[in-house]
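Student: I'd like to go through the charged pairs and the chain contact here. Can we start with the terms?

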Amino acid sequence: MEQKDFYTSAELAELMGISRIAVFNKIKKGEIKAQKMGRNFVIFKKDIGDIEFFSSNLFKNAKDWAVSQKEIPGQNYCQNSAIFQARITKMEMLLLKNRNTKKLYSLLTSIAGEIGNNSYDHNLGQWPDIPGIFFGYDLNKKQIVLADRGLGVLQTLKRVKPGLKDHRGALEVAFTEIISGRKPEARGNGLKYVRKVILENPINLVFQTGDAKLKLNSGNPNLSIETADEIIRGCIALITY
Amino acid sequence: MIIELKKFGTTLISRQTGKEAFLAFQSFLGDIKENEKIEVDFKGVLTFSPSWGDEFLTPLLEKYGSRLVLKNTSNLSVKATLEILQVTAGKKFKIEL
């Protein structure tokens, strides 16, 4: 089958996770280059760079992958921790050069590192289907997204805390207690560190595992956990600053 | 003895690489004299995290206690990491100002 070299406005809306009207508005404003074809618009793939295109809706892409294994661009997929280390080092350099993040670069890199590396450490040898994580960032939108299709926090922590009943309880423990999902190894300070950094700096986090969605906001010591509509088996995190 | 952390890399964030660094360091342990100070210099480190630190610094703190001295710790991720490691280890690091 011959591959099309363009998207219809409806296809692009679906891919970007926005409405068709929002696509039309972007075309009108000149943000998306399109050509009229009959009564409709088409958008040539050559006119819309992959990076720009996918980074416009990083969180949706990550979520689609985490929930339903929808395909993700290779640039966002880090099959192993060595690939993640190389890509996060690149992000660190970009943050360091960016005038908005000259001060926060090391904290943003370290919390993204903790969340991403947690996925590898806790799922090593036990990935249910696809090993590795989704890692993407958009420095213009000031967001960093990470996701995995691993076991999730509840199943990991149940090994050391068999009494844990639900995702909400597991999330609370993960962000407040010094506990390791890999006992007898001494570990388990990563997410407490993430919480501390967010409390003390202009950074926010949304973190979901199972049906529990945690929101941590800069300067606020409270953990706000709500029930999400969609279930994520592994974890998904959105860091904004 | 002075350990320049930047020689292990400038983005020190995973347990895996922290553990490797600690193993590599083992070969120098024999050179350390009794009562000798172990200075860990953070100069040049861009990002540091509790995972790496827990694999490398926590065992040094356990072993050498106050003989372990940390230098050039002003980087924000270094500072925040040391604070959390002290809580989990239940011991304080000696930091040279």
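Tutor: A salt bridge here is a side-chain nitrogen of Lys or Arg within 4 Å of a carboxyl oxygen of Asp or Glu. This is a predicted model, where local features need pLDDT of at least 70 and side-chain atom pairs count only at pLDDT 80 or more, while totals for chains, interfaces and linings use all residues. Side-chain values use heavy atoms, without hydrogens and water; residues are numbered from 1 along each chain as its sequence is written, and chains are lettered from A in the order in which they are written.

Student: Which residue does B:Glu39 form a salt bridge with?

Tutor: B:Lys37, with the closest N and O atoms 3.6 Å apart.

Student: Is B:Glu39 buried or exposed?

Tutor: Buried, at a relative accessible area of 12%. Buried means under 20%, exposed over 50%, and partly exposed in between, with a 1.4 Å probe and protein chains only. B:Lys37 is partly exposed at 41%.

Student: What about B:Glu62 and B:Lys91?

Tutor: Their side chains meet in a salt bridge at 3.3 Å, N to O. B:Glu62 lies in helix H2 of chain B and B:Lys91 in the loop between H3 and strand E6 (94–95), so the pair ties together parts 29 residues apart in sequence. Helices (H or I, at least four residues) and strands (E, at least two) are DSSP runs, numbered from the N terminus.

Student: Switching to the interface: how many salt bridges between chain B and chain A?

Tutor: One. A:Lys196 pairs with B:Glu83, closest N and O atoms 2.3 Å apart.

Student: And how many residues are in the contact?

Tutor: Chain B gives 24 residues and chain A 28, contact meaning heavy atoms within 4.5 Å.
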